[in-house]
Amino acid sequence: MSETPERPVPSPDPRAPGAVADQAGSTATSPAAPAAASGATIELENLTKRYPGSAEPAVDSVSMEIKAGETVIFVGPSGCGKSTTLKMINRLIEPTGGRIRIDGEDVTDIDPVKLRRKVGYAIQSSGLFPHMTVAQNIALVPRMVGWGKARVKERVEEMLELVGLDPGEFHGRYPRQLSGGQQQRVGVARALAADPPVLLMDEPFGAVDPITRDHLQDELIRLQHELHKTIVFVTHDFDEAIKLGDRIAVLRERSHIAQFDTPEAILTNPADDFVSGFVGAGAALKRLNLTRVRDVEMADVPTVTIDDPLQDIFTKLRASGTNELLLLDKRGRPYKWLRRGDLMRAKGSLARAGTLVHDTVTRDATLRDALEAVLTDNAGRVAVTGRRGEYTGVVDMETLMNSVHEMLEADRLDALEHQHELEEQRARLTRKEQEGDGGGEAKA
Ligand SMILES: Nc1ncnc2c1ncn2[C@@H]1O[C@H](COP(=O)(O)OP(=O)(O)OP(=O)(O)O)[C@@H](O)[C@H]1O
Ligand SMILES: [Mg+2]
């Protein structure tokens, strides 16, 4: 259903904008830049942490497998052992039992510095060193693992670009001279600097306001589309988990896994009351977090650009079936909504006519973000933009209603199918038991 395919990585066009396209492009010309490392598998086997002096282990024999390139979210109540489990993966906390394997290699006993190459780490309130500049903070791990000066310098610039900060402007600033969201971006840049296949994030967006958090989440999704790291992400926020996770591990006390499954499965089939409690009310609304704008059939409005002759714009306004046009700027970005009569009233001046587009959503935004934008828009629609802010379509109430209906219908069918399978299974078991009455072979 989704239209234009995303740009493949690596990009065939080295001048294409976008960090990874640039990275991929530069590998061809610069021997200093190695190809980006994508994700590695993580296996935890009976991983246990007993803090000295505590009667109970903080983490009790956790086993799980995380696939390469997967984003796995840990959610669970405060104190259940999420951070302890996460920090054992890069041995910021030493396990007291069990094994950790990354891409099959047992890293439980290797030198922790070597491990930092494989595992990046970002935490709440960015954890930047206040006495170091942005560049020094980002350079930390690459320098620690012995990269040359020139390569580190190039990498710092590359990372700043990747997280959407202008290197020229931010390079020399100190963390206190940044907003919370910018600090968080630098934190992510620092975690990714040595190009580790694994990225651990402990409530990285916990301390920023909801709007910034939303942006940072969108950026992480975009980054992950390009980088395919293995990400383990801790959060308190179930909505955040649904939005970001390929799979979610709902943890109870001592990091016991209550359910480890896809967001869809957890929302539609919570394993028990503990998980239902976490999912909370409004599962249908939460479902909107699971679908991206890119996946729905967008509406299309007629567009004109500010360079088009006025006469053409008049003609199009008169001809178009809808009574509205979207005026795009020179770079194809939504600029103004134009209605019939607007141009007349403004005496043919495009500068005065129409209403400025004040809100757009990206193709990576969730339907929930889109709903928010549609609900707060006077005319009940929002323009959707691509990577460079260019117009790609419109989402309105009708688009949303149609997709929600489709989604809920699909969920309902899934649930029915699941129920059917369970019933068949039960029937098979009963039959076996009946046939096996008196005979031992049925137990095999
Ligand atoms: N250094 C320590 N020494 C002793 N006990 C600790 C230590 N660090 C954590 N704990 C205990 O281990 C348990 C798990 O803590 P952890 O920080 O992993 O929880 P969490 O799930 O990350 O919680 P939160 O959501 O509040 O961040 C808690 O009971 C905590 O009190
Ligand atoms: Mg924690």
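Two strands pair if DSSP finds at least two bridges between them. Helices (H or I, at least four residues) and strands (E, at least two) are DSSP runs, numbered from the N terminus. This is a predicted model, in which local features need pLDDT of at least 70, side-chain atom pairs count only at pLDDT 80 or more, and totals for chains, interfaces and linings use all residues. Residues are numbered from 1 along each chain as its sequence is written, while chains are lettered from A and ligands numbered from 1 in the order in which they are written.

**View 1. The open sheet β11-β12-β13-β14.** Four strands form this open sheet, and the pairing is mixed. β11 and β14 (355-356) stand at the edges, each with a single partner strand, so one side of each has no neighbour in the sheet. β13 and β14 run antiparallel and are joined by two bridges. K336 stands opposite L356 in β14.

**View 2. Strand β12 and its two partners.** Strand β12 covers residues 324-328, and four of its five residues are buried (20 or more other C-beta atoms within 10 Å of the residue's own; exposed means 12 or fewer, partly exposed in between; C-beta atoms are placed from the backbone). Strand β11 (residues 303-305) runs parallel to β12, with three bridges between them. T305 has L328 in β12 as its bridge partner. On β13 (residues 334-339) the pairing with β12 is antiparallel, through five bridges. Here L327 is partnered by K336 of β13. The hairpin of β12 and β13 has five residues between the strands. Within this hairpin, G332 takes a positive phi near 80°.

View 3. Strand β9 (residues 247-251) is mostly covered, with four of its five residues buried. Four bridges tie β9 to strand β3 (residues 71-75), and these two run parallel. F74 finds its bridge partner in A249 of β9. Strand β10 (residues 257-261) is also joined to β9 by four bridges, but runs antiparallel to β9. I248 is bridged to D261 in β10. Which residue in the turn of the β9 and β10 hairpin has a positive phi? It is R254, at about 55°, in a hairpin with five residues between its strands.

View 4. Two packed helices are described by the angle between their axes and the distance between the axes. Axes are lines fitted to C-alpha atoms, for helices over the stretch in contact, and angles run from 0 to 180 degrees between N-to-C directions. Helix α4 (residues 134-144) packs on helix α5 (residues 149-162) at about 125°, with the axes 9 Å apart. The two are therefore oblique to each other (angles under 35 degrees count as roughly parallel, over 145 as roughly antiparallel, 65 to 115 as roughly perpendicular and the rest as oblique). Helix α7 (residues 180-192) packs on α4 at about 30°, with the axes 7 Å apart. That makes α4 roughly parallel to α7. The crossing of α4 and α7 is right-handed.

**View 5. The shell around ligand 1.** Ligand 1 is surrounded by Y51, S54, A58, S78, G79, C80, G81, K82, S83, T84 and H236 (a residue is near a molecule if its C-beta atom, placed from the backbone, lies within 6 Å of it). By class, three of these residues are nonpolar, seven polar and one charged. Ala, Val, Leu, Ile, Met, Phe, Trp, Tyr, Cys and Pro count as nonpolar, Asp, Glu, Lys and Arg as charged, and the others, Gly among them, as polar.

View 6. D103 lies in the loop between β4 (97-102) and β5 (105-106). Its phi is positive, about 50°, although D103 is not a glycine. D103 counts as partly exposed because 15 C-beta neighbours lie inside 10 Å. E203 sits in the loop between β7 (198-202) and α8 (210-227). Phi of E203 is positive too, near 40°, in a residue other than glycine. Is E203 buried or partly exposed? With 19 other C-beta atoms within 10 Å, E203 is partly exposed.

**View 7. D300 and A383.** D300 is in the loop between α12 (283-287) and β11. D300 counts as exposed, because there are 12 C-beta neighbours inside 10 Å. D300 and A383 are 83 residues apart in sequence. In space, their C-alpha atoms are 9.3 Å apart.

Note on methods:
Left-handed = near helix turned anticlockwise from the far one by under 90°.
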